[in-house]
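Here is a short briefing to read alongside the model. Take a moment with the sequence and the fold, then follow the topics below.

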Amino acid sequence: MPKARFAPGEYYHAFNRGVEKKNIFLDQCDFDRFLESMLVFNTTDPVGGIYAHAFMKHVTRKPTKRLVNIICYCLNPNHFHMVLEEVTDGGVSEFLRRLGGYTKYFNHKYKRSGVLLQGRCKIVHIETNEQLLHTSAYVNCNDRAHGLRHAMSKSS
């Protein structure tokens, strides 16, 4: 797959799955933690981590600039899909890099070590409005396409 060229205002389909197709979300807390990561880490400001961020929730902070706009997503037990719009230069790369911290959480919680995801996140540049509509529908219906009952999806 050719490497995607990132640019603000452009849309991308990002997806990955668990190594050896294993589940990456084992309970509702795992889904919730990943969703929280998507919110907390989507900022141009430095973020020390979700734990450190929890102490800052009550401190009045100025609005921050986002790295990406999350158009839609689907979190399945063994994989995820997202449609992202890059807002700041390098936003998609930085956002996905920060989400890699979920592996640390997962490994700590389940007393394991090693990689959780199957290599780097796959990213496809969405080049047309038709492709954006098709990809968004695919992402929103992905759990049904796989016959999965325990998934989370959302469009903004």
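In this predicted model, Arg 98 and Glu 94 are joined by a salt bridge, with 2.9 Å between the closest N and O atoms. Both residues belong to helix 3, where 4 residues, about one turn of the helix, separate them. Arg 98 has a relative accessible area of 15%, under the 20% limit, and is therefore buried.

- Arg 97 and Glu 94 are 3 residues apart in helix 3 (residues 91-99), so about one helical turn lies between them.
- Arg 97 is exposed, because its relative accessible area is 56% and the cut-off for exposed is over 50%.
- Glu 94 has a relative accessibility of 22% and so counts as partly exposed.

**Salt bridges elsewhere in the chain**

- The whole structure contains 5 salt bridges.
- One of them pairs the side chains of Lys 109 and Asp 30, at 2.9 Å from N to O.
- This pair connects distant parts of the chain, since Lys 109 sits in helix 4 (residues 101-109) and Asp 30 in helix 1 (residues 28-40), 79 residues apart.
- Lys 109 is partly exposed at 30% relative accessibility, whereas Asp 30 is buried at 0%.
- Asp 30 and Lys 109 also belong to a salt-bridge network that includes Asp 27.

**A buried charge with no salt bridge**

- Glu 85 is located in strand 3 (residues 79-86).
- Glu 85 is buried but takes part in no salt bridge.
- For Glu 85, the nearest side chain of opposite charge is that of Arg 66, 7.8 Å away; this is why the two do not count as a salt bridge, which needs a nitrogen within 4 Å of a carboxyl oxygen.
- Setting aside neighbours within four places in sequence, Glu 85 has contacts that include Gly 9, Glu 10 and Tyr 11, as well as Leu 67, Val 68 and Asn 69.

**Aromatic pairs**

- There are 9 aromatic pairs in the structure.
- Phe 25 and Phe 31 are a stacked pair, because their ring centres are 4.8 Å apart and their planes meet at 20°.
- Phe 25 is buried with a relative accessible area of 3%, and Phe 31 is buried at 6% relative accessibility.
- Phe 25 also pairs with Tyr 102 in a tilted arrangement, with 5.5 Å from centre to centre and 50° between the planes.
- Phe 25 is in the loop between strand 1 (11-17) and helix 1, while Tyr 102 is in helix 4, so their pairing ties together parts 77 residues apart in sequence.
- Tyr 102, like Phe 25, is buried.
- One aromatic cluster takes in Phe 25, Phe 31 and Tyr 102 together with Phe 34, Phe 80, Tyr 105, Phe 106 and Tyr 110.

**The fold as a whole**

- The protein is built from 6 helices and 5 strands, which follow the order β-α-α-β-β-α-α-β-α-α-β from the N terminus.
- Among contacts with a separation of 6 or more, 73% are between residues 24 or more positions apart.
- Of its 156 residues, 39% count as buried.

Key. Residues numbered from 1 in each chain as written. Predicted model: local features only at pLDDT ≥ 70, side-chain atom pairs only at ≥ 80, totals over all residues. Heavy atoms only, no water. Helix = DSSP H or I, 4+ residues; strand = E, 2+ residues; numbered from the N terminus. Buried < 20%, exposed > 50% of the residue type's maximum accessible area, 1.4 Å probe, protein only. Lys, Arg positive; Asp, Glu negative; His and termini not counted. Contact = heavy atoms within 4.5 Å. Phe/Tyr/Trp six-rings, centres within 6.5 Å; stacked < 30°, edge-to-face > 60°.
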